[in-house]
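Subject: Structure handover

Hello,

Please find the structure below, together with its sequence. My notes on what was found in it follow.

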Amino acid sequence: MEIETTRFGRIEIDNEKVITFTREILGFPSDKRYVLFPHRSGSAFYWLQSVDTPWLAFVVMSPQVFCSDYVFELPDSVQKELRLERAEQAFVMVIVTIPKGNPDEITANLLAPLVINMDERLACQVVLDPSMYPVRFPIVKKDACVMSK
């Protein structure tokens with residue numbers, strides 16, 4: 001199938017690569033089908049592009065790249081919803097915000113990660129405890145390097 005995107009123009013995607021969100025990403029209730037592809041070869045960043053809305057794409061990345069101790073418990077209801085039988089099936093990504101003109105202030109949303117069952121191509125955004133996980137976690141820290149520049 002071909003999809004139209006604002007950033008990448010018209011792209012060809014394999015129907016089997018479409019990830020269906022069982023619940024919408026917060027703020028985007030009408031978009032539930034996305035494709036995930038790397039920003040570029042060797043990059044830690046990926047694009048999560050909506051199949052149905054050309055302008056809607058998120059920069060995402062694995063939180064393990066900059067926060068190796070990021071863990072959370074996934075409720076049984078979500079595991080069932082995503083047909084997760086083993087923890088290894090869960091692929092976790094977080095949405096990244098890169099301020100225009102100030103990439104050193106890049107942050108990641110650790111409060112609401114995206115959990116993807118790549119085997120079943122099902123995903124959802126899970127909202128965690130706000131007292132434990134920040135919505136704007138700085139990825140680049142000047143005093144304690146979490147992710148090297």
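The side chain of threonine 5 reaches the backbone oxygen of glycine 9 at 2.7 Å. Please keep in mind that this is a predicted model, and that the values here are computed from it.

Threonine 5

Threonine 5 belongs to strand 1, which covers residues 2-5. A polar atom of the threonine 5 side chain also lies 2.9 Å from the backbone nitrogen of phenylalanine 8. Is threonine 5 buried or exposed? Its relative accessibility is 3%, so threonine 5 counts as buried, the cut-off for buried being under 20%.

Strand 6 covers residues 57-61, and alanine 57 is found in it. Why is strand 6 described as largely enclosed by the rest of the structure? The reason is that five of its five residues are buried. From strand 6, Ala57, Val59 and Met61 point one way, while Phe58 and Val60 point the other way.

Alanine 57 has a relative accessible area of 14%, so it is buried. Not counting residues up to four places away in sequence, alanine 57 touches Arg7, Trp47, Leu48 and Gln49. Between the C-alpha atoms of alanine 57 and phenylalanine 91 there are 18 Å, and the two residues are 34 apart along the chain.

Which strands pair with strand 6? One is strand 5 (residues 45-50), which runs antiparallel to strand 6 and is joined to it by five bridges. In this pair, tryptophan 47 stands opposite valine 59. A hairpin through six residues joins strand 5 to strand 6. Another is strand 7 (residues 90-97), which pairs with strand 6 in the antiparallel sense over three bridges. There, valine 60 has isoleucine 95 of strand 7 as its bridge partner.

Strand 10 and glutamine 125

Strand 10 spans residues 122-125 and includes glutamine 125. Both of its faces are covered. Leu122 and Cys124 are on one side, Ala123 and Gln125 are on the other, and all are buried.

Strand 3 (residues 19-21) runs parallel to strand 10, and two bridges join them. Threonine 20 is the residue that stands opposite leucine 122 in strand 10. Strand 9 (residues 114-117) runs antiparallel to strand 10, with four bridges between them. Here valine 115 stands opposite cysteine 124. Strand 9 and strand 10 form a hairpin with four residues between the strands, and in this hairpin arginine 121 takes a positive phi near 60 degrees.

Where does the side chain of glutamine 125 make polar contacts? A polar atom of this side chain lies 2.8 Å from the backbone nitrogen of leucine 26. The side chain of glutamine 125 also reaches the backbone oxygen of alanine 112 at 3.1 Å. Glutamine 125 has 7% relative accessibility, so it counts as buried. Leaving out residues up to four places away in sequence, glutamine 125 touches a list of residues that includes Phe21, Arg23, Leu26, Ile95, Ala112 and Leu114.

Proline 138

Proline 138 has its place in strand 11, residues 137-138. With 33% relative accessibility, proline 138 counts as partly exposed. Proline 138 is 31 residues from threonine 107 in sequence, and their C-alpha atoms are 4.4 Å apart in space. Apart from neighbours within four places in sequence, proline 138 is in contact with Ile106 and Thr107.

The largest pocket

How many residues line the largest pocket? The lining has 14 residues, and Phe72, Leu74, Ala87, Ala90 and Val92 lie nearest the centre of the pocket. By class, 10 of the lining residues are nonpolar, three are polar and one is charged. The space in the largest pocket is about 290 Å³.

Regards

Key
Residues numbered from 1 in each chain as written. Predicted model: local features only at pLDDT ≥ 70, side-chain atom pairs only at ≥ 80, totals over all residues. Heavy atoms only, no water. Buried < 20%, exposed > 50% of the residue type's maximum accessible area, 1.4 Å probe, protein only. Polar contact = N/O pair within 3.5 Å; in protein donor to acceptor, adjacent residues only side chain to side chain. Contact = heavy atoms within 4.5 Å. 1 Å grid on protein atoms, 1.4 Å probe; cavity = no way out; pocket = protein on both sides within 12 Å on 5 of 7 lines; lining within 4 Å. Points joined across faces, edges and corners; volume = space filled by probe spheres on them. Nonpolar A, V, L, I, M, F, W, Y, C, P; charged D, E, K, R; others polar. Pairing = 2+ DSSP bridges.
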